[in-house]
Amino acid sequence: MAPTVQMDEKQCVFVPRVVVVPAGGTVEFLNSDRLRHNLHSASGGHNPTFNRTQPRGRAIPITLRRPEIIRIDCDLHPWMRAWVVVAEHPFYSVTNERGEFALENVSPGTYTLQLWHETLGVVKKDLAVSDGVTAVTLEMVR
């Protein structure tokens, strides 16, 4: 069974701003605010778009079947924006506050590492993973 991740609306901000879910997984959108929001997706066409009113205290589960990066907006509060990354494989992570991340249990081999940032786009790097820890440094610039 594919996992469920949560994204909440707190003080008119999506928390967290970015979530990653595997293809076939579900994002459970919560509304912890005392006012109404809506969930408006801007899908690239791989998953159905949705535009749902979300009363306070309500959770709305959305299952996403195909890999893509989906922007989520609240039409009632135009500063609210978030992202759902639907991954096609189990090797993904969200960076910490210093831009670091770790991928666990990656078998030795050659891979293409892909990083995405909402304003900087995508950076890819081919790399070889050996037994043990493989450290990689990538820089994203405008």
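**Ground rules**

I number residues from 1 along each chain as its sequence is written, and I use heavy atoms for side-chain values, leaving out hydrogens and water. Since the model is predicted, local features need pLDDT of at least 70 and side-chain atom pairs count only at pLDDT 80 or more, while totals for chains, interfaces and linings use all residues.

**Entry 1: salt bridges**

I began with charged pairs. A salt bridge here is a side-chain nitrogen of Lys or Arg within 4 Å of a carboxyl oxygen of Asp or Glu. How many does a search of the whole structure find? It finds four salt bridges.

I looked up Glu-118 and Arg-17. They form a salt bridge, and their closest N and O atoms are 2.6 Å apart. Glu-118 lies in the loop between strand E10 (109–117) and strand E11 (121–129), and Arg-17 in the loop between strand E2 (13–15) and strand E3 (18–22), so the pair ties together parts that are 101 residues apart in sequence. I took strands (E, at least two residues) and helices (H or I, at least four) as DSSP runs, numbered from the N terminus.

Next I checked how covered these two residues are. Buried means under 20% relative accessible area, exposed means over 50%, and partly exposed is in between, with a 1.4 Å probe and protein chains only. Glu-118 is partly exposed at 30%. Arg-17 is partly exposed too, at 37%.

Then I turned to Asp-73. It forms a salt bridge with Arg-81, with the closest N and O atoms 2.8 Å apart. Is Asp-73 buried or exposed? Asp-73 is buried, with a relative accessible area of 11%. Arg-81 counts as partly exposed at 31%. I also noted a network: salt bridges link Arg-71, Asp-73 and Arg-81.

I looked at Glu-100 as well. Glu-100 bridges to Arg-98, and the closest N and O atoms are 2.6 Å apart. Glu-100 is partly exposed at 38%. Arg-98 is exposed at 64%.

**Entry 2: aromatic pairs**

Rings of Phe, Tyr and Trp (its six-membered ring) pair if their centres lie within 6.5 Å; planes under 30 degrees apart count as stacked, over 60 as edge-to-face and the rest as tilted. By this rule I have two aromatic pairs. The rings of Phe-29 and Phe-50 have centres 6.0 Å apart and planes at 55°, so I logged the pair as tilted. Phe-29 is in strand E4 (residues 25–31), and Phe-50 is in the loop between strand E5 (37–42) and strand E6 (51–54), 21 residues apart. Both Phe-29 and Phe-50 are buried.

Trp-83 and Trp-116 make an edge-to-face pair, at 5.2 Å centre to centre and 65° between the planes. Trp-83 sits in strand E9 and Trp-116 in strand E10, so this pair ties together parts that are 33 residues apart in sequence. Trp-83 is buried at 13%, whereas Trp-116 is partly exposed at 25%.

**Entry 3: strand partners**

Two strands pair if DSSP finds at least two bridges between them. E5 and strand E8 (residues 68–73) pair in the antiparallel sense over three bridges. E8 and E9 are also antiparallel, over six bridges. I followed Ile-72 in E8. Ser-41 stands opposite Ile-72. Which residue is the bridge partner of Ile-72 in E9? I found Ala-82 there.

**Entry 4: backbone angles**

Most residues other than glycine have a negative phi, and most peptide bonds are trans. I looked for departures.

The peptide bond from Val-15 to Pro-16 is cis, with omega near -5°. Pro-16 lies in the loop between E2 and E3.

Cys-12 has a positive phi, near 60°. I placed Cys-12 in the loop between strand E1 (4–10) and E2. Cys-12 is buried, with a relative accessible area of 14%.

Asn-105 also has a positive phi, near 60°. Asn-105 lies in the loop between E9 and E10. At 72% relative accessible area, Asn-105 is exposed.
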